[in-house]
Amino acid sequence: MVPGIAIGDTSEVSIPVDPLSRVIGQDHAVGLARTAARQRRHLLLIGPPGIGKSMIAMALSFDLPQPQSEVHVVHNPENPERPFIEVLSVADVHARRSRLEAVEGVVLEPREVPLQVVEKLGYFCRRCETYSAPTELICPGCGAPKGGRTATAENPFQDLMGFVELTIGQISGRQSEVRTTRTLPDGTEEVVVYERAGDMVRMLDEEALGRRREIQGAKPRKVLVPLDRRTFVMATGSSETELLGDVRHDPYGGHPGIGTPPYERVVTGTVHDAHEGVLFIDEVPHLGHLQRSILTAMQEKAFPISGRNPQSAGASVRVDAVPCDFILVAACNVQDLPAILAPLRSRILGSGYEVVLDIAMPDSDGNRFKVLQFIAQEIQQDGRIPHADAGAVEEMISEARKRALAIDGRSASLTLRLRDLGGLIRASGDIAVNEGADLISREHVIEALKVSLPAEAQIRERYGSLGEGVSSDMTESQKFAHPYHYWNESAEPPGYE
Ligand SMILES: Nc1ncnc2c1ncn2[C@@H]1O[C@H](COP(=O)(O)OP(=O)(O)O)[C@@H](O)[C@H]1O
Ligand SMILES: [Mg+2]
């Protein structure tokens, strides 16, 4: 039995429903994240990989209220290349929807709709060819995210996302309507639009679309930022167009009749998708000069969208003042801190907080219990491995203690480099599964510790030293180049066995 922990196995641990309460050992950062959500403050989270920065950003977004406005881009008859922005309240949105839904079109089963359409609408997973409701972010067939830029493979709240999807609906990056053409029996082509209608798909032919246009009158428009959207948007590694939006090219240059009008070609950037929510930017310094645009967006709470490719017909189109009132949660490593644009940092400090996360916590009964909670969470999230018995938990906690000392020189502590510890849990679970065991036991953990060594440690074991390993695998010419150029010696903790 683990000191301070009276438990048979991890299935007895109750996992908090509040996402921020699932974050282990970062109480200071979690407290500030709660404040940031309540007071709409920005956050800069600083620390090494795998200690919960992304997790805190995502968890914070669950604390935010649902968005209260929808952003439309509206055709400007006087000057089509300067479309207008219109911001609708919740009441406006509902009134408009019921007017549009009065035009019914044909309601179809997803299976009756072309595959590429149902995939874009979120009813179909191409990986395993399973159909499911678009409100389900994770494919029930293969467990992989169905797509969209907010879905991440490493999402510690997958179980909660389903719930959120049901209440707030749409996923950024997935389309709510698909416009395509079909050939009629007489050989002519017509434009059809497919859109989501709960579990079904609504198809509007040209006649139905005509009736909708009448309802919209002289102000054709497109929903840019829908009311039903996620409050978490990730902009990591984004390009300029992904971050700030774009106006797509039209080979017909938007000519009336044959081209696509400019307002329909306007696409948002992640800054706009994050309106009223969290914009999460991992490794901020990698944004380079785009940090300046982020700063402008934060100051103005609006950012224009224009065509970014000077070669394209979109270049002459510009939409001013597209709202982007987001909470910025940025993350970086300690050594990257100086590479962050100084005015951006001062903006964050001016209306938010910079927080250095912890890398270890004191080895107390309370904190051991937190590691237990962490193990239970990881097992539940993984979904493919059995629960861990008390012996396995004890072994993992002792490993957490060893790592705090070996990696970070913290004695009598438990490591908070939890992504790596999660790897150990999964490796132990895989061994238990291979053996057909009902629970992960201490032996499985000990076995996993042997097989889940980082590559550097494996090489050292095999070759005696890293240097030996490198040179024995090299051709003569490679030996003249700098053999250690990309060798990551520090990836293995010093003196760690
Ligand atoms: N403090 C923590 N509490 C609970 N789980 C954690 C924590 N830190 C990391 N994890 C686990 O590791 C995974 C990766 O953590 P992440 O938030 O992406 O780290 P970072 O962004 O700091 O690199 C998480 O999804 C979670 O499963
Ligand atoms: Mg991360």
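Predicted model: local features only at pLDDT ≥ 70, side-chain atom pairs only at ≥ 80, totals over all residues.

Trainee: Okay. Which residues come nearest to ligand 1?

Mentor: Ile24, Gly52, Lys53, Ser54 and Met55 do, out of the 21 residues around ligand 1.

Trainee: And which helices supply at least two residues of that shell?

Mentor: Helix H2 (53-62) is one of them, along with helix H11 (365-382) and helix H13 (418-434).

Trainee: Let me zoom out. How many helices and strands are in the chain?

Mentor: You'll find 17 helices and 20 strands. The chain has 497 residues, and 36% of them are buried. As for contacts with a separation of 6 or more, 69% join residues 24 or more positions apart.

Trainee: Now sheets. What is the strand order in the open sheet of three strands?

Mentor: The order is E3-E2-E10, with antiparallel pairing. Strand E3 (84-89) and strand E10 (221-225) are at the edges and have a single partner strand each, so one side of each has no neighbour in the sheet. From one strand to the next, the twist averages 35°.

Trainee: How many bridges join strand E2 to E10?

Mentor: Four bridges join E2 (residues 69-74) to E10, and the two run antiparallel. His72 lies in E2, and its bridge partner in E10 is Val223.

Trainee: Let's stay on His72. Is His72 buried or exposed?

Mentor: His72 is buried, because 21 other C-beta atoms lie within 10 Å, and the cut-off for buried is 20 or more.

Trainee: What does His72 touch, leaving out residues up to four places away in sequence?

Mentor: With those left out, His72 touches Glu86, Leu88, Arg221, Lys222, Val223 and Leu224.

Trainee: Which helix lies across E2 and E3?

Mentor: That's helix H3 (residues 90-101), and it runs at about 95° to E3.

Trainee: Next sheet, please. What order do the strands take in the open sheet of four strands?

Mentor: They go E4-E9-E8-E7, and the pairing is antiparallel. Strand E4 (106-108) and strand E7 (177-183) are the edge strands, each pairing on one side only. Ignoring direction, neighbouring strands here are turned by 30° against each other on average.

Trainee: How many bridges join E7 to strand E8?

Mentor: Seven bridges, with E7 and E8 (residues 189-197) running antiparallel. In E8, Val193 stands opposite Arg179, and Val192 is the bridge partner of Thr180.

Trainee: What sits between E7 and E8 in the hairpin?

Mentor: Five residues, and Gly187 in the turn has a positive phi of about 90°.

Trainee: Which helix lies across E8 and strand E9?

Mentor: Helix H6 (residues 206-216) lies across E8 and E9 (200-204), at about 70° to E8.

Trainee: Switching to helices: at what angle do helix H12 and helix H14 pack?

Mentor: H12 (residues 390-408) and H14 (residues 442-451) pack at about 35°, and their axes are 7 Å apart. Among the residues making the contact are Gly391, Ala392 and Met396 of H12, and Val445, Ile446 and Leu449 of H14. The contact residues divide into five nonpolar, two polar and four charged.

Trainee: Last one: Ala432. Which helix is Ala432 found in?

Mentor: Ala432 is in helix H13. Ala432 has 25 other C-beta atoms within 10 Å, so Ala432 is buried.

Trainee: And what does Ala432 touch, again leaving out residues up to four places away in sequence?

Mentor: Ile385, Pro386, Ala437, Leu439, Ile440 and His444. Ala448 is 16 residues from Ala432 along the chain, with 9.8 Å between their C-alpha atoms.

Conventions. Residues numbered from 1 in each chain as written. Chains lettered and ligands numbered in written order. Near = placed C-beta within 6 Å. Pairing = 2+ DSSP bridges. Axes fitted to C-alpha atoms, helices over the stretch in contact; angles between N-to-C directions. Contact = placed C-beta atoms within 7 Å. Buried ≥ 20, exposed ≤ 12 C-beta atoms within 10 Å, placed from the backbone. Nonpolar A, V, L, I, M, F, W, Y, C, P; charged D, E, K, R; others polar.
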